[in-house]
Amino acid sequence: MTWQEEMLKKWLPKPKVGVGQLITDAVRDRLAREFKGEVLFRESMKEHTSIRIGGMADVFARPQNVEDLRVLLKIANEENIPFTFLGWGSNTLVRDAGIRGFVVALMPGFSKVEVVADEADTMDVMAEAGVKIGALVELSREKSLTGVEALIGIPGSIGGAVVMNAGARGVEIKDVVREVTILTLEGEIKSISREKLEFSYRHLKLPRGAAVLSAVFRLNKGNQEEIQNQIRQYQLKRAETQPLNFPSLGSVFKNPQPQKKNEVPLSAGQIIDEAGLKNIRVGGARISEKHGNFIVNEKDAKAKDVLVLINLVKEKVKEKTGIQLETEVKVLGEE
Ligand code: EPU
């Protein structure tokens, strides 16, 4: 090393871990030898998020089954590599410098959805984490089961929906779920029954680092025509009120929850609308004209554009109404 190089090394700030730096040849070898699923190196998260934004993941891995997922966790633990679940990448904003370590999607590996119990008035449906919410609603329509019609059109996977207690039109995952099966960080599979699940608004409390593998939903037997009509109505309403023609994150902010019982919950979209913030653009991102709680990627938006809009909305809404909006979206990765 020359004295100039030594000087630079001493004085320049220590660089953050760069893309791919954590993924040594040894890690690549282990992945090739031990892991059966698909592995993509330096994969752009634009391809795997609903808003089509995000830098590279060092490794994007899709385990085929639980054994495979366990192998991935083991390699991550032993090699000290960060581990991030992505799901279908809806409701998720990946920052522009991407995600270090392993990013994991449980699809198409975990995509089984089936009836597991058939009683007089109800059926239990098991759905694995990688199943799209729409596929669960579709099965319920086919089998004339009622309970999840309102969830049609929520983008994302069952795993993500369970973890964030997704909901629409007054129906939440917690209303229909019977049991959730998880894989703990230690590699143990555990089923947690309804009574023990600690749901709150857009949240489920789980052991740190646990992954949802599947969930069982109890749905009531109903009238197929009515169920079909309901689903259709919800779809029409969504298309009418939400900007479905642009990539987005779904709802960006949580609806502020009422402080007192019987108070009607406020809508974040309406608050943003009334604060006059619709249609504001930063870079390629814009607060939707159609629905205030949506930020759309109009053209090559960057995560930083979206983050500026999120902060702007929070600040202006707080200033004008005193309400502190909280985000519903998960922000991952590095600036
Ligand atoms: N509104 C406005 N201006 C707007 C947007 C909405 O005045 O720009 C008014 C509407 O006219 C309506 C009220 O606000 O009177 C409520 O709006 P909406 O029916 O669209 O429902 P929301 O509370 O904004 C929630 C969920 C959505 C879900 C819809 C429909 C949250 C944060 N959002 O939105 O969820 O699609 O209900 O069920 O819970 C999602 O999960 O990704 C999502 C979009």
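Let's start with Arg 70, which pairs up with Glu 67 in a salt bridge, their closest N and O atoms sitting 2.7 Å apart. Keep in mind that this is a predicted model. Both residues belong to helix 3, which runs over residues 66–79, and they are three residues apart, or about one turn of the helix.

How do the two partners sit relative to solvent? Arg 70 comes out as partly exposed, since its relative accessibility is 27%. Glu 67 is partly exposed too, at a relative accessible area of 47%.

On accessibility, Glu 38 has a relative value of 38% and counts as partly exposed.

## Neighbours at Lys 299

Lys 299 makes a salt bridge with Asp 300, and here the closest N and O atoms are 3.6 Å apart. Are these two residues buried or exposed? Lys 299 is exposed, with 61% relative accessible area, and Asp 300 is exposed at 59%.

## The wider picture

Some of the charged residues are linked up in a network: Arg 30, Glu 34, Lys 74, Glu 78 and Glu 79 are connected through salt bridges. Across the whole structure, the salt bridges number 22.

Conventions: Residues are numbered from 1 along each chain as its sequence is written. This is a predicted model: local features need pLDDT of at least 70, side-chain atom pairs count only at pLDDT 80 or more; totals for chains, interfaces and linings use all residues. Side-chain values use heavy atoms; hydrogens and water are left out. A salt bridge is a side-chain nitrogen of Lys or Arg within 4 Å of a carboxyl oxygen of Asp or Glu. Buried means under 20% relative accessible area, exposed over 50%, partly exposed in between (1.4 Å probe, protein chains only). Helices (H or I, at least four residues) and strands (E, at least two) are DSSP runs, numbered from the N terminus.
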